[in-house]
Amino acid sequence: DIQVKLFNNDTRMAIIQVPRDDAKTIQAAITLIMSIGDVPIVASVISTHGSARTMKIAALLELKRSFDRQCEQYEKTSASSLLSSSLPPRAKMNDKQVLKRLRRLEDQMEQIRSIE
């Protein structure tokens with residue numbers, strides 16, 4: 001059986017459980033998916049694992065990388081706003097925004113940890 005264990009649109013991550021014998025075929029098929037309904041997508045397999053424990057570790061690391069990229073993007077956007085005279089300076093994230101992002105990250109991490 002093929003089972004979608006997790007799909008999170010915010011993180012753009014899906015965790016799919018497939019029989020070991022079918023893993024290569026499913027991996028190849030995923031890379032050929034061009035859209036879901038009318039929504040164009042680019043799907044790729046980040047990693048393949050033989051156990052739930054190693055899958056969770058890899059998923060948590062990918063979530064961390066994604067969060068780090070978002071933080072870097074925010075910092076770059078903030079820096080470019082400060083350098084451009086045509087754009088108003090962007091204030092640093094306030095405490096409420098930081099707490100909101102961290103809570104969302106914790107919720108996403110808990111979703112991954114709770115996969116059986």
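Arg113 is partly exposed, with a relative accessible area of 34%; partly exposed lies between buried, under 20%, and exposed, over 50% (1.4 Å probe, protein chains only). Arg113 forms a salt bridge with Glu106, and their closest N and O atoms are 3.1 Å apart. A salt bridge here is a side-chain nitrogen of Lys or Arg within 4 Å of a carboxyl oxygen of Asp or Glu. Glu106 is partly exposed too, at a relative accessible area of 38%.

The model is predicted: local features need pLDDT of at least 70, side-chain atom pairs count only at pLDDT 80 or more, and totals for chains, interfaces and linings use all residues. Residues are numbered from 1 along each chain as its sequence is written, and side-chain values use heavy atoms, with hydrogens and water left out.

A search of the whole structure finds 5 salt bridges. Salt bridges that share partners join Glu62, Arg65 and Arg69 into one network. Glu62 lies in helix α2 (residues 52–83); helices (H or I, at least four residues) and strands (E, at least two) are DSSP runs, numbered from the N terminus. The side chains of Glu62 and Arg65 meet at 2.8 Å, N to O, and those of Glu62 and Arg69 at 3.5 Å, N to O. Glu62 and Arg65 are 3 residues apart in α2, which puts about one helical turn between them. An α-helix has 3.6 residues a turn, so residues three or four places apart point the same way. Glu62 is buried, with a relative accessible area of 14%. Its two partners are partly exposed: Arg65 has a relative accessible area of 42%, and Arg69 one of 48%. Leaving out residues up to four places away in sequence, Glu62 touches Met13, Ile46 and Arg69, where contact means heavy atoms within 4.5 Å.

In β2, Met13 stands opposite Asn8. Strands β1 and β2 pair in the antiparallel sense over 5 bridges; two strands pair if DSSP finds at least two bridges between them. The two strands form a hairpin with 4 residues between them, and Arg12 in the turn has a positive phi of about 55°.

Val4 belongs to strand β1 (residues 3–8) and is exposed, with a relative accessible area of 58%. Together with Ile2, Phe7 and Ile16, Val4 makes a nonpolar surface patch of about 410 Å². Patches are made of residues with over 30% relative accessible area and no salt bridge, like charges being joined within 9 Å and nonpolar side chains (Val, Leu, Ile, Met, Phe, Trp, Tyr) within 5 Å. Accessible areas come from the Shrake-Rupley method with a 1.4 Å probe; for residues, only the protein chains shown count as cover.

Helix α1 (residues 23–32) has Ala23, Ile26 and Ile30 buried. Seen down the axis of α1, its buried residues fall within an arc of 65°, so they line one face of the helix; the arc is that of the directions from the helix axis to the C-beta atoms. These buried residues pack against β2 (13–17). Lys24, Thr25 and Leu32, on the other side of α1, are exposed.

The protein chain as a whole has 3 helices and 4 strands, and from the N terminus on its elements run β-β-α-β-β-α-α. Of its 116 residues, 19% count as buried. The chain exposes about 9300 Å², and carbon and sulfur atoms supply 55% of it. Among contacts between residues at least 6 apart in sequence, 42% join residues at least 24 apart.
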